[in-house]
Amino acid sequence: MKKRNAVFAVFLLVAGLALAGCGKLGGGAAGSWDTSVNSIHVTRDMEVESALVYTSAQQNELYQPDELASFVEEAVSAYNQARGAEARGRNEEGLTRLPAALKECSLEGSTGKLVFEYGTPGDLVTFSQETGDNTHTVTAIFVGKAADVAAEGKLAGISFAKPDGKEATAEEAAKVKNGVAVLVSGSATICTEGKIAYISQGTGELTMKDDHTVVTGEGDHCIVFR
């Protein structure tokens with residue numbers, strides 16, 4: 001229990017020291033995700049991941065990389081077990097996908113990085129709130145096929161624009177071939193595996209950084225990518 005509590009204390013410290021400006025923003029020309037930036041990643045398979053990057057004022061003296069990974073896995077395992085899932089900290093091939101799982105852990109000098117993957121988009125919100133991750137303020141996130149999301153009425157009333165600023169309708173956004181819609185409430189850097197086709201307008205500040213990256217402010221937003 002002491003180790004577990006220590007891990008969550010690390011998460012809280014990490015969140016307080018996190019530098020959202022680390023690295024370059026963007027998913028890259030081919031949609032590769034740059035995990036050196038505090039961000040949320042959405043794949044074409046509609047899976048959600050997050051990267052938490054942190055830098056302290058002095059070189060780490062508490063953990064070795066393998067020790068930190070072990071401690072974080074223990075905390076994630078406890079989180080999963082509390083939700084009726086297997087007590088594991090990482091996803092394994094052939095086994096049921098966990099609510100939360102450590103995907104990558106690195107620690108060099110005073111800089112470290114934790115990358116997580118989630119069973120559902122909602123697990124990202126719950127896990128972030130429980131671990132004290134304040135690198136984003138997302139309170140809700142939903143991901144689905146654009147056509148299905150539109151059919152369910154979730155795009156109704158939303159005004160869209162293309163990346164070049166040209167206004168568009170929800171109907172146009174819903175017709176993107178193989179389109180994936182991301183509905184998110186809150187502020188975050190969101191990177192998409194596919195090229196962004198439409199972004200919502202007028203429901204909250206949203207800044208498009210490149211073909212695969214947007215930074216949302218507080219409020220409700222929608223992103224549709226190919």
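The legends below describe close-up views of a predicted model of one protein chain.

**Figure 1. Overview of the predicted chain.** The protein chain contains five helices and twelve strands, and 48% of its 226 residues count as buried.

**Figure 2. The aromatic pair of Tyr-79 and Phe-127.** The structure holds three aromatic pairs, and in the one shown here the ring centres of Tyr-79 and Phe-127 are 5.0 Å apart with the planes at 85 degrees, so the pair counts as edge-to-face. Because Tyr-79 belongs to helix α2 (residues 65–82) and Phe-127 to helix α3, the pair ties together parts that are 48 residues apart in sequence. Tyr-79 and Phe-127 are both buried, and together with Phe-116 and Tyr-118 they form one aromatic cluster.

**Figure 3. Helix α3 and the residue that follows.** Helix α3 spans residues 121–131, and its buried residues are Pro-121, Asp-123, Leu-124, Val-125, Phe-127, Ser-128 and Thr-131. In an α-helix there are 3.6 residues a turn, so residues three or four places apart point the same way. Just after α3, Gly-132 adopts a positive phi of about 75 degrees.

**Figure 4. The largest cavity and its lining.** The count of cavities of 30 Å³ or more comes to one, and the largest cavity holds about 100 Å³ of space. Its lining comprises 17 residues, of which Ser-50, Ala-51, Asp-133, Thr-135 and His-136 are the closest to the centre. At least two lining residues come from each of β1 (39–42), β2 (48–55), β4 (111–118), α3 and β9 (188–192). Sorted by class, the lining has eight nonpolar, eight polar and one charged residues.

Figure 5. Most residues other than glycine have a negative phi. Met-46, although it is not a glycine, has a positive phi of about 65 degrees; Met-46 sits in the loop between β1 and β2 and, with a relative accessible area of 26%, is partly exposed. Asn-178, likewise a residue other than glycine, has a positive phi near 55 degrees and is placed in the loop between α5 (170–174) and β8 (180–185). At 62% relative accessibility, Asn-178 counts as exposed, because the cut-off for that class is over 50%.

Figure 6. Ala-150 is part of helix α4 (residues 146–151) and, having a relative accessible area of 26%, is partly exposed. When residues up to four places away in sequence are not counted, Ala-150 touches Leu-155 and Ala-174. The C-alpha atoms of Ala-150 and Ala-170 are separated by 7.7 Å, although the two residues are 20 residues apart along the chain.

**Figure 7. A lysine over an aromatic ring.** Lys-154 lies over the face of Phe-142, at a distance of 4.9 Å from the ring centre.

Key:
Residues numbered from 1 in each chain as written. Predicted model: local features only at pLDDT ≥ 70, side-chain atom pairs only at ≥ 80, totals over all residues. Heavy atoms only, no water. Buried < 20%, exposed > 50% of the residue type's maximum accessible area, 1.4 Å probe, protein only. Helix = DSSP H or I, 4+ residues; strand = E, 2+ residues; numbered from the N terminus. Contact = heavy atoms within 4.5 Å. 1 Å grid on protein atoms, 1.4 Å probe; cavity = no way out; pocket = protein on both sides within 12 Å on 5 of 7 lines; lining within 4 Å. Points joined across faces, edges and corners; volume = space filled by probe spheres on them. Nonpolar A, V, L, I, M, F, W, Y, C, P; charged D, E, K, R; others polar. Phe/Tyr/Trp six-rings, centres within 6.5 Å; stacked < 30°, edge-to-face > 60°. Lys NZ or Arg CZ within 6 Å of the ring centre and 35° of its normal.
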